[in-house]
Amino acid sequence: MDNLRIAMIGTRFMGRAHSNAYKDVSTYFDLPQTPIMQVACGLEPEDYLKEFSVRFGWKEYETNWEKVIERDDIDVVDICTSNASHMPIAVAAAKNGKHVICEKPIARNSSEAKTMLEAAQKAGITHMVAHNYRRVPAIALAKQLIDEGKIGTIRHFNAVYYQDWLVDPGFPFVWRHDIKEGGSGAHGDMSAHTLDLALYLCGNVEAVNGAQEVFVKERPSQDGSLKPVTADDATYFIARFQNGALGSFLASRFATGRKNYMRLEVFGSEGSFVFNLERLNELEYFSRNDRDIEQGYRNIMVTENSHPYIHAWWPPGHIIGWEHTFIHEVADFLKAVSRGEDVHPNFNDGLQTQLVLDAVMDSARTEKWIKIKA
Ligand SMILES: NC(=O)c1ccc[n+]([C@@H]2O[C@H](COP(=O)([O-])OP(=O)(O)OC[C@H]3O[C@@H](n4cnc5c(N)ncnc54)[C@H](O)[C@@H]3O)[C@@H](O)[C@H]2O)c1
């Protein structure tokens, strides 16, 4: 078969980002099979879905995901829905033999994540969690250099992820404020990203100690009534890694002035890295092996042909953007599907992240250090 027929569930923010990726991926990357944008499915009104599918190039649209995952003309299901529906869609898709890529956080809690992993393993499908930030070339380069021992033994992994879209108390109630819908708020949304990067770059977490807060307790719903906010506006935690490193993770939707500010600092015995999502083509690198008189952070422009993913794009210095990370993610996923290979982060990686997220929430509730379950 020359093609992989895609069904995407969820047609808003991530639906747009993933659609853009499927539209472009085979133009820029050599894939064993070409993705066919077969059907997009969402709960939006028909005029929205019609315009959406024409704009992005989906052949059909649908509103019922159960119908979609049963179709014989679908090979891959891409889940871009709100968190409560990740588990049922992924499990049903796996049972129907579809390969699954699912947006992060993998689920609302580790019990759901485990159910998803078991269903995927039983069905023998290719599965992936859509942590696109692993596919930023600068992050992939940091991973390569860490594996080469360039910064030695990692001592600290510090991450901040700041947004400010909830500062206005009049901002309306959405699914992200409801713990039943999201599993958590800023935590599952933003710490899920930084934790996935921590597990990728620094290894597994052993124990955590955290605090969570809801600053605005009620928000106006569509009918004008006030609804209680049950999902955290901000979560801070510290972590001890299995390799002995210490970590800190700050995630807030109340960081006034910060729109989507994710910054990592990784300090090792021989050097360190700093990454700032707002300057995603750059990686700051300090090496103790430089001569004393030359020591200082160097700013690597990660746009060389030899850097991860860049061969598909432009000449050196011609920068890429946020949307390219989704194209890289989809390229890696589709290659793995075609070759019948594993790809990371898979549902087991998603489960490991979710176990840490759950432990932080336990810690915030009990005000104690919590060890991560095996
Ligand atoms: N990777 C990233 O950087 C990133 C960024 C934002 C969101 N996300 C994740 O992506 C997912 C979606 O977030 P979003 O911002 O696109 O949300 P959104 O609210 O903009 O869109 C959710 C979509 O899911 C659809 N949907 C919900 N339940 C459904 C159901 N039962 N059947 C069919 N469609 C259903 C809605 O119709 C809508 O199209 C979340 O899990 C979120 O955490 C990831």
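Q: Which helix gives the most to the lining of the second largest cavity?

A: The general idea first: rolling a probe the size of a water molecule over the atoms shows where empty space is left. In this predicted model, helix 10 gives the most to the lining of the second largest cavity, with 4 residues. That cavity holds about 30 Å³ of space. Its lining is made up of Pro105, Ile106, Val129, His131, Ala192, Gly350, Thr353, Gln354 and Leu357, and by class these are 5 nonpolar, 4 polar and no charged residues.

Q: How do the axes of helix 5 and helix 10 cross?

A: Helix 5 (residues 110-123) and helix 10 (residues 347-366) have axes that come within 9 Å and cross at roughly 170°. That makes helix 5 roughly antiparallel to helix 10, because angles over 145 degrees count as such. On the helix 5 side the contact is made by Ser110, Ala113, Lys114, Met116, Leu117 and Ala120, and on the helix 10 side by Phe347, Asn348, Leu351, Gln354, Leu355 and Asp358.

Q: What lines the largest cavity?

A: The lining consists of Ile139, Ala142, Ile146, Leu201, Leu264, Val266, Phe273, Val274, Phe275 and Leu283. Helix 6, strand 13 (261-268) and strand 14 (271-276) are the elements that give two or more residues to it. The lining has 10 nonpolar residues, no polar and no charged, around about 50 Å³ of space.

Q: Why is helix 6 described as largely enclosed?

A: Burial is the thing to check here. Since 8 of the 11 residues of helix 6 (residues 137-147) are buried, the helix is largely enclosed by the rest of the structure. Those buried residues are Pro137, Ala138, Ile139, Ala140, Leu141, Ala142, Leu145 and Ile146. Just after helix 6, Gly149 takes a positive phi of about 85°.

Terms used: Residues are numbered from 1 along each chain as its sequence is written. This is a predicted model: local features need pLDDT of at least 70, side-chain atom pairs count only at pLDDT 80 or more; totals for chains, interfaces and linings use all residues. Side-chain values use heavy atoms; hydrogens and water are left out. Axes are lines fitted to C-alpha atoms, for helices over the stretch in contact, and angles run from 0 to 180 degrees between N-to-C directions. Angles under 35 degrees count as roughly parallel, over 145 as roughly antiparallel, 65 to 115 as roughly perpendicular and the rest as oblique. Contact means heavy atoms within 4.5 Å. Buried means under 20% relative accessible area, exposed over 50%, partly exposed in between (1.4 Å probe, protein chains only). On a 1 Å grid over the protein atoms alone, a cavity is a set of points where a 1.4 Å probe fits but cannot get out, and a pocket is an open set with protein on both sides within 12 Å along at least five of seven lines; lining residues have an atom within 4 Å of a point. Grid points are joined across faces, edges and corners, and a volume is the space filled by probe spheres set on the points. Ala, Val, Leu, Ile, Met, Phe, Trp, Tyr, Cys and Pro count as nonpolar, Asp, Glu, Lys and Arg as charged, and the others, Gly among them, as polar.
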